[in-house]
Amino acid sequence: MQWLDGFIQGILLGGLYAQYALGMALMFGVMRIVNISHGDLMILLALIGVSLSVSFGLGPFVLLVVLVPIAAAIGYVLQRGILNRVVSQDPLPSIIATFGLSIALQNAMQQIWSADTRSIAGGGIEQASWQIGSIFIGVLPVIVLIVATALTGGMDALLRFTKFGRALRASAADVEAAALTGVNPKAVYALATALAVGILGFAAVFQGLRSTVAPSDGPAQLIYAFEAVIIGGMGSIWGAFLGSMVLGISQAIGFRINPGFGILAGHLVFLTVLAIRPQGIFGRS
Amino acid sequence: MTMSINAPGGMPRAKVRSQTASGVVAMIIGIGLLAALVAMPWWAGQGTIRSVVELCCYIAIAQMWNLLAGYGGLVSVGQQAFSGVAAYMMFALAQNMGVNPFIAVPLCLIAPAILAVPTYALLHRLDGPYFAIGTWVVAEVIRLLTTNFGYVNAGAGMSLRVMTQYSAHERAIGVTILCALMLLVTVGGTYWLLRSRYGLALTAMRDNPVSAASQGVNVSRLRFLLFVAGAVGTGLAGAIYFMAQLRITPDAAYGPQWATVAIFIVMIGGIGSIEGVLIGSFIYFFADRWFGDYGATYLVVLGVLTLLVALFARGGVWGLVNKVVDAPWFPTRRVLVSGGDQ
């Protein structure tokens, strides 16, 4: 029974990871831009959310409505101000630029919010759960999983069927050819990053509700998102979703084997996938 | 121009100059500084020695990162896996197995060398940015394994109590000699490598890996060797750093601050040059001394500076200097003085 419980909790945890990973699947997998500050941006948004909910007494759903546009705006400015200048065949400038940004963000957040862990008050929803047999299923984690599924489906449809999606895929495949056909790659990229960071707005609220956030948590979230994207297969939106599930289940089962082994189990599964199927579950070799 | 190439009887005699006056002066100063370093226990105080040892470790770690990122195109943010594993190996050899700590420093390098092989085998499948984050995962795995490993006292860390058998003066002599050897191996070794046949291959690979491969450079083999060499050099710095600290914990050994320091030094100083590493190390060292007390604010400035260099001045300080004067300290260019049919 405890393994079934671990499996179910792992899928629910995977829902949260899918929300980190979705934005990264778009930037990493489709646009091939690396953003080392991905996790730190999520933490920044969560801390902004904590302050907003404390100052104005906002409930979690109002907070989502406020925070997601803020997140999208940050993403737009990030792409326009920094990432568009460093996008090139050479990955070094973008790694270094966003690494510097990550260090600056982590320490700036520590100055503003101190190193304490905080969480967002959800008005009771964070404790509510259903009991099925001996297994408790939290209401909030189920909501997180549903939202993650909807976001993944929406993003996949957006990339497949809309003009914006075609323009983005064209820019990622060949910037110059896309520009020749009338696409403005820089504008398309800015919108795509706004979308990717906007989704982090959802992740930030749910992370703040489900557990705690501290200024130094960003790198761990970056690594989880990255592992989910690689496990699922680069460039596949549903792959990132599935990769998040694999990661969540590995960690939850690992925690039940030994509390010190949880996070490590996730890393080991990632390395194993890298060894036996480097293109990921959904990737084309 | 092409006649000389087609001339019968093979290649014409050509004279190539690869040393400059500035290079000779820098070499003499360098040897002088190394001698002063080894003599430190007789002229400097404990505090100064500790600071200089720290500076030497920064130089070595940054130089190894520069070798990987600047020449190999292997951007790593997880080199702390190698410095940490070497330092832990040294502690285990000296404290748990009774090996002389100064002998344990070279012996412990087997650990980063062995770790580098499977790490590279797994991660070389990931290109560019993905490789970078992959190295970070490996560093995290090693940190978590160490935290769960009772033999090295798990998360609580270890103290190097065996060092109490030496007086402070004897310890200083041992550590400064090790530092001098470390600089010879990492900085001197890179210089020698860049001036050798392999240097041409490395420089070609830095400028364009695809065309280097088409000229007969075995890029994947060279990258693998660079990765292992970088791991060993970084490990040496880690072992010496924690020997001077006398104490190690998983969080200190495998913390991302190692990557931060290496990246800052190389980017500010100037990537792809030995001079840049030295300049960057001095800037970081003095910035840390003067502004380190500002804590988080100081690190914000460090992060923003790294960002600005990546955006606007990819060559760093040495790149800016190079635009004004051409006086390399470590000349690696080959200049054709005379050649052809004369």
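This briefing covers a chain contact, a helix pair and a hairpin. The model is predicted: local features need pLDDT of at least 70, side-chain atom pairs count only at pLDDT 80 or more, and totals for chains, interfaces and linings use all residues. Residues are numbered from 1 along each chain as its sequence is written, with chains lettered from A and ligands numbered from 1 in the order in which they are written.

**Chain A against chain B**
- In chain A, 34 residues are in contact with 33 residues of chain B (C-beta atoms, placed from the backbone, within 7 Å).
- Helices H3 (60-86), H4 (92-113), H9 (218-232) and H11 (262-276) of chain A each supply at least two residues of the side that touches chain B (helices are DSSP runs of H or I, at least four residues; strands are runs of E, at least two; both are numbered from the N terminus).
- H4(A) gives the largest share of that side, 15 residues.
- The side of chain A that touches chain B has 25 nonpolar, 7 polar and 2 charged residues (nonpolar: Ala, Val, Leu, Ile, Met, Phe, Trp, Tyr, Cys and Pro; charged: Asp, Glu, Lys and Arg; polar: the others, Gly among them).

**Helix pair H6(A) and H8(A)**
- H6 (residues 163-173) and H8 (residues 185-210) of chain A pack at about 115 degrees, axes 10 Å apart (axes are lines fitted to C-alpha atoms over the stretch in contact; angles run from 0 to 180 degrees between N-to-C directions).
- H6(A) and H8(A) are therefore roughly perpendicular (65 to 115 degrees).
- Contact residues include Phe164(A) and Leu168(A) of H6(A), and Val188(A) and Tyr189(A) of H8(A).
- By class, this contact has 8 nonpolar, 1 polar and no charged residues.

**Hairpin**
- S1 (residues 129-132) and S2 (residues 135-138) of chain A run antiparallel, joined by 4 bridges (pairing needs at least two DSSP bridges).
- Gln131(A) has Phe136(A) as its bridge partner in S2(A).
- With 2 residues between the strands, the hairpin has Gly133(A) at a positive phi near 65 degrees.

Methods:
Two residues are in contact if their C-beta atoms, placed from the backbone, lie within 7 Å. Angles under 35 degrees count as roughly parallel, over 145 as roughly antiparallel, 65 to 115 as roughly perpendicular and the rest as oblique.
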